[in-house]
Amino acid sequence: MRIVSLVLGVCTIFLLVFIIVGLYVDQPTQAIAQGQFTATPTLDPDMPANYRVEKVLDASWPIAIDWTPDGRMFFTERFTGYLRVVNTDGSLQPEPVWVFPVSTEGERGLLGVAVSPDYEETGHIYVYYTRVAGDGYNVPVNRIVRITESNGVGSDPLVMLDVPLTTNNLWHQGGNIHFGPDGMLYLAIGEYYQPSLAQDVNAIPGKINRFQVVGDRLVPAPDNPFPDSATFAFGLRNTFDFDFDTFTTTHIQIFATDNGPDCDDELNLIVAGGNYGWRPNYPCDAARPQNLGQYIYPIWYTNPTEAPTGVAIYRGDLIPQWQGQVFFCMWKTGKMRRAILDPARAYVTGVREVNLQGASCTIEVQDGPDGAIYFTNQEGIWRIVGQ
Ligand SMILES: [Ca+2]
Ligand SMILES: [Ca+2]
């Protein structure tokens with residue numbers, strides 16, 4: 001009996017030590033290792049009492065949205081190649097601001113739009129799209145172009161960056177552009193269906209890249225993590241969208257979706273120099289990380305895959321209890337997720353499903369300057385408004 005008591009006592013001590021250590025281990029690692037966020041989210045328990053979902057306008061495959069300081073909404077239509085503008089009275093300008101010659105196979109098309117931080121002085125708007133072969137290329141080219149806009153009319157298109165396609169496949173050629181709070185232009189771009197490119201910090205595909213605008217050129221930002229490289233973060237497979245965590249001011253922190261193969265669709269917290277693990281012979285290890293020191297694992301992932309698309313951090317004040325939380329959408333299901341972060345904004349404490357009152361969010365979600373959450377599907381643009 002004495003031996004049994006001794007064994008039980010030792011076991012109890014080990015258990016207590018295990019629990020105490022468990023409370024203090026790095027919590028993101030613990031959360032990821034446990035895979036506790038893969039469960040199907042329940043319907044949001046604290047939807048605002050008087051919120052409503054309303055359609056803003058019909059549009060053909062609106063894939064990216066940005067606003068000028070005067071409150072006009074610019075958006076891109078993936079298949080038509082139209083850059084369009086909605087005036088402050090809510091009316092859609094019938095004529096597109098500009099029409100881009102897009103290749104639309106696979107994931108290509110007119111993909112991103114970003115209003116320049118110096119728009120009020122320059123009228124500059126940046127667009128990211130897949131150009132059809134031509135203009136000196138015998139293959140399609142992912143291209144960043146800057147136009148000058150005034151009164152809804154574009155002019156002076158200027159090619160800022162070309163990333164020619166390198167294989168005949170159609171996949172992982174999408175991405176998006178946004179200006180960061182540091183004034184730099186960031187480009188997320190798929191790995192062109194070549195996982196090794198995601199690990200090559202001197203290649204543009206498979207990354208979130210960071211450029212500085214210098215006159216009429218884009219150059220790798222001088223304080224990027226790798227010398228003379230545009231790479232900000234790497235090891236990414238097919239990032240659809242990203243947003244900057246402006247609630248964190250000590251460093252650049254980005255929330256980005258990534259699409260896994262038949263496993264590990266991800267929401268990642270992107271920091272400078274981070275390697276997010278996509279590579280040849282990827283082991284589908286988000287649930288049981290095998291290389292925690294080498295790769296940064298997602299803060300949320302899902303198996304089976306749902307194809308996460310747009311993402312936005314809510315900064316508005318129409319729905320105060322959602323401020324600072326991360327919203328992202330799902331191509332396969334049309335559902336919108338709401339990720340709640342810990343106070344240090346380092347990991348996800350829970351994920352909920354937003355009740356869209358019958359609408360679907362398959363493509364983009366974006367924080368609007370009016371405090372509403374805008375989202376899109378193949379038929380149009382919608383928004384969630386508070387009281
Ligand atoms: Ca990853
Ligand atoms: Ca977005």
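I began with strand 19 and strand 20 (residues 326-330), which pair in the antiparallel sense over four bridges. Strands here are DSSP runs of E, at least two residues, numbered from the N terminus, and two strands pair if DSSP finds at least two bridges between them. Isoleucine 313 stands opposite valine 326 of strand 20.

I noted that this is a predicted model, where local features need pLDDT of at least 70, side-chain atom pairs count only at pLDDT 80 or more, and totals for chains, interfaces and linings use all residues. Residues are numbered from 1 along each chain as its sequence is written, while chains are lettered from A and ligands numbered from 1 in the order in which they are written.

I looked up the sheet: it is open, has four strands in the order 19-20-21-22 and pairs antiparallel.

Strand 7 (residues 124-131) and strand 8 (residues 141-150) are joined by eight bridges. Tyrosine 126 has arginine 146 in strand 8 as its bridge partner.

I asked what valine 127 touches, leaving aside neighbours within four places in sequence. Its contacts (C-beta atoms, placed from the backbone, within 7 Å) include Thr76, Phe100 and Ile147.

I checked confidence last. pLDDT is the predictor's confidence in each residue, from 0 to 100. The protein chain has a mean of 90, but residues 15-39 stay under 50. Where pLDDT is low, the predicted coordinates should not be read in detail.

Conventions. Two residues are in contact if their C-beta atoms, placed from the backbone, lie within 7 Å.
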